[in-house]
Amino acid sequence: MHNDAGTKGEDKPRDHFSAVAKGYFAFRPRYPAQMFDFLARTAPGRSFAWDCGCGSGQATTDLAARFDRVLGSDLAAAQIEAAPRAANIEWRVADAPDSGLPDASVDLITAAQALHWFNLDAFYAEVRRVLVPGGILAAWSYGIVQVADEVIDAPVQHFRTVTVGPFWPAERRHVENGYRDLPFPFEEMDAPAFAMEAEWDLPQLLGYVRSWSSVGRYIARHGADPVSPLADELLALWGEPSTRRTVRWPLTLRIGRVPA
């Protein structure tokens, strides 16, 4: 889900997620199955997909259910180590522009919540090299978490913007604006509207918050856990911790085709 290679003009890859890798797969929300069905239908074939910046494999495993073979690559070795194993998935520690794949070998490339980390010029050159004629690049992001109960949502948003606000990487702004400011030099296609929604209890929500890169950076700076005070505040508002509440994320998908 992340491959921290930096945005356009940055040469040195960075890793914001190894510190939170253990909780990443367990507590990240699942993308809608309908989106992967749409991507599989849109791709020119279902032989091979590459999930670039795969993190610990949230999207990779869904692709593996629809494609014969899948490569999941990420810069963070800790994320790759945390990814689940499957017979038709190859995991690889690699920077986004260095897939190691043969020319014209991939039907679909995905970048799930990851495009904003890449050196885009180099990545797009790699995309054009490895996609088959008519192949598809799909990049998506999900924005700010929203708890349906406003009383619960308010302290979560305060924590996100104030407590750990200074510790979000600058590239986070691209996620919050739906990638609209990032160049996307492909034959862009319309995509259906997709959204993520989950019914989570309090431990699940807190586990998700602990997986934020900003939390890992806060802990590295201060040597203290910023989530514990939030947990106490939410416990007083939540009621029984096992009670499930609706959590939503807006989802933005950009999809483009290379010429056949």
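Two residues are taken to be in contact when their heavy atoms lie within 4.5 Å. In this predicted model, 77% of the contacts between residues at least 6 apart in sequence join residues at least 24 apart. The protein chain is built from ten helices and nine strands. Of its 260 residues, 57% are buried. The accessible surface of the chain comes to about 10,800 Å², and carbon and sulfur atoms account for 51% of that area.

Arg 160 belongs to helix α6, which spans residues 150–163. Its relative accessible area is 10%, and because buried means under 20%, Arg 160 counts as buried. Beyond its neighbours within four places in sequence, Arg 160 touches Ile 144, Gly 165, Trp 168, Glu 176 and Trp 212.

Aromatic rings come next. The structure holds 19 aromatic pairs. One of them joins Trp 200 and Tyr 208, with 5.5 Å from centre to centre and 55° between the planes, a tilted arrangement. Both partners lie inside: Trp 200 is buried at 8% relative accessibility, and Tyr 208 is buried with a relative accessible area of 4%. Trp 200 also pairs with Trp 249; their ring centres are 5.3 Å apart and their planes stand at 75°, so this pair is edge-to-face, the cut-off for that class being over 60 degrees. This second pair links distant parts of the chain, since Trp 200 lies in strand β8 (residues 195–200) and Trp 249 in strand β9, 49 residues apart. Trp 249 is itself buried, with a relative accessible area of 1%.

Trp 168 and Trp 212, for their part, are among the contacts of Arg 160.

Rings also meet charges elsewhere in the model. The charged end of Arg 69 sits over the ring of Phe 48, 4.2 Å from the ring centre. Likewise, the charged end of Arg 245 is placed over the ring of Trp 238, at 4.9 Å from its centre.

How values were computed
Residues numbered from 1 in each chain as written. Predicted model: local features only at pLDDT ≥ 70, side-chain atom pairs only at ≥ 80, totals over all residues. Heavy atoms only, no water. Helix = DSSP H or I, 4+ residues; strand = E, 2+ residues; numbered from the N terminus. Buried < 20%, exposed > 50% of the residue type's maximum accessible area, 1.4 Å probe, protein only. Areas by Shrake-Rupley, 256 points an atom, 1.4 Å probe, with all protein chains shown as cover. Phe/Tyr/Trp six-rings, centres within 6.5 Å; stacked < 30°, edge-to-face > 60°. Lys NZ or Arg CZ within 6 Å of the ring centre and 35° of its normal.
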